[in-house]
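Here is a short note to read with the model open beside you. Take the points in order, and find each element on screen before moving on.

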Amino acid sequence: MIYITEVRMGKDGKGHEHIEAVRWEHRGSPEETGESTVAEMIDWIEQKDGFVHVRGDGKDVPVRAVHPEDRRSYIKTSPDLKTWRDDLLDLPRYGVLPSEIA
């Protein structure tokens, strides 16, 4: 199982749709880490039946793909496909200056 540990935001916004890439670690093998674009994460989740989670509120929360009609797909957390959460936005940022984080 993969856990997203950090997110890289684009310069044009602060919402889920502005996450460009993520850093992750494999919980079964802590030395296995990596960085993936959002498109790669969506492919992992949907095409390769990969399990991607975030640790939020002391629980593992699944990461899901969202496919709006009017913009590009993005990722967001949802424990049940009905309730959407901001766990990804609560993660540390990388690839930005501290002054860019609000």
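Predicted model: local features only at pLDDT ≥ 70, side-chain atom pairs only at ≥ 80, totals over all residues.

1. A strand here is a DSSP run of type E with at least two residues, and numbering starts at the N terminus. Two strands pair if DSSP finds at least two bridges between them. With that in hand, look at β2 and β3: a hairpin joins β2 to β3 through two residues. The two strands run antiparallel, and six bridges link them.

2. **The parts list.** The protein chain has six strands and one helix. Read from the N terminus, the order is β-β-β-α-β-β-β. The radius of gyration is 13 Å, close to the 13 Å that the globule rule gives for 102 residues, so the protein chain is as compact as a globular protein of that length. The C-alpha trace spans about 35 × 35 × 25 Å along its principal axes.

3. **The sheet.** In what order do the six strands of the open sheet lie? The order is β3-β2-β1-β4-β5-β6, and the pairing is mixed. At the edges are β3 (29-37) and β6 (74-77), each of which pairs on one side only. On average, neighbouring strands of this sheet are turned by 40° against each other, direction ignored. As background, strands of a sheet pair through backbone hydrogen bonds, either parallel or antiparallel.

4. **Both senses around β1.** With β2, β1 pairs in the antiparallel sense over seven bridges. With β4 (residues 52-56), β1 (residues 2-9) pairs in the parallel sense over two bridges.

5. **A closer look at H53.** H53 has 11% relative accessibility, so it counts as buried. Leaving out residues up to four places away in sequence, H53 touches M1, I2, Y3, I4, D60, V61, P62 and V63.

6. **The helix.** Helix α1 (residues 38-46) packs on the sheet. Which strands does α1 touch? The list is β1, β2 (19-26), β3, β4, β5 (59-66) and β6. The direction of α1 makes about 115° with that of β3.

7. **The core.** In soluble globular proteins, nonpolar side chains tend to be buried together. In this model, the largest nonpolar core has 19 residues. Those with the most contacts inside it are I4, V7, I19, V22, V63, I75 and L88. The elements giving two or more residues to this core are β1, β2, α1, β4 and β5. Take V7 as an example: with residues up to four places away in sequence left out, V7 touches I19, A21, V22, L88, L91, P92, R93 and Y94.

8. **Burial and contacts overall.** Of the 102 residues of the protein chain, 38% count as buried. The accessible surface comes to about 6,300 Å², and 48% of it belongs to carbon and sulfur atoms. Now consider contacts between residues at least 6 apart in sequence: 42% of them join residues at least 24 apart.

9. **A loop to inspect.** P68 lies in the loop between β5 and β6. P68 touches S73 and Y74, not counting residues up to four places away in sequence. P68 and E17 are 51 residues apart along the chain, and their C-alpha atoms are separated by 9.8 Å.

10. **Two backbone angles to check.** D49 is not a glycine, yet it has a positive phi of about 50°. D49 is in the loop between α1 and β4. At 59% relative accessibility, D49 counts as exposed. L81 also has a positive phi, about 65°, although it is not a glycine. L81 is in the segment after β6, and at 55% relative accessibility it counts as exposed.

How values were computed. Residues numbered from 1 in each chain as written. Heavy atoms only, no water. Helix = DSSP H or I, 4+ residues; strand = E, 2+ residues; numbered from the N terminus. Axes fitted to C-alpha atoms, helices over the stretch in contact; angles between N-to-C directions. Contact = heavy atoms within 4.5 Å. Buried < 20%, exposed > 50% of the residue type's maximum accessible area, 1.4 Å probe, protein only. Rg over C-alpha atoms; globule rule 2.2 N^0.38 Å. Areas by Shrake-Rupley, 256 points an atom, 1.4 Å probe, with all protein chains shown as cover. Core = buried A, V, L, I, M, F, W, Y, C linked by side-chain atoms within 4.5 Å.
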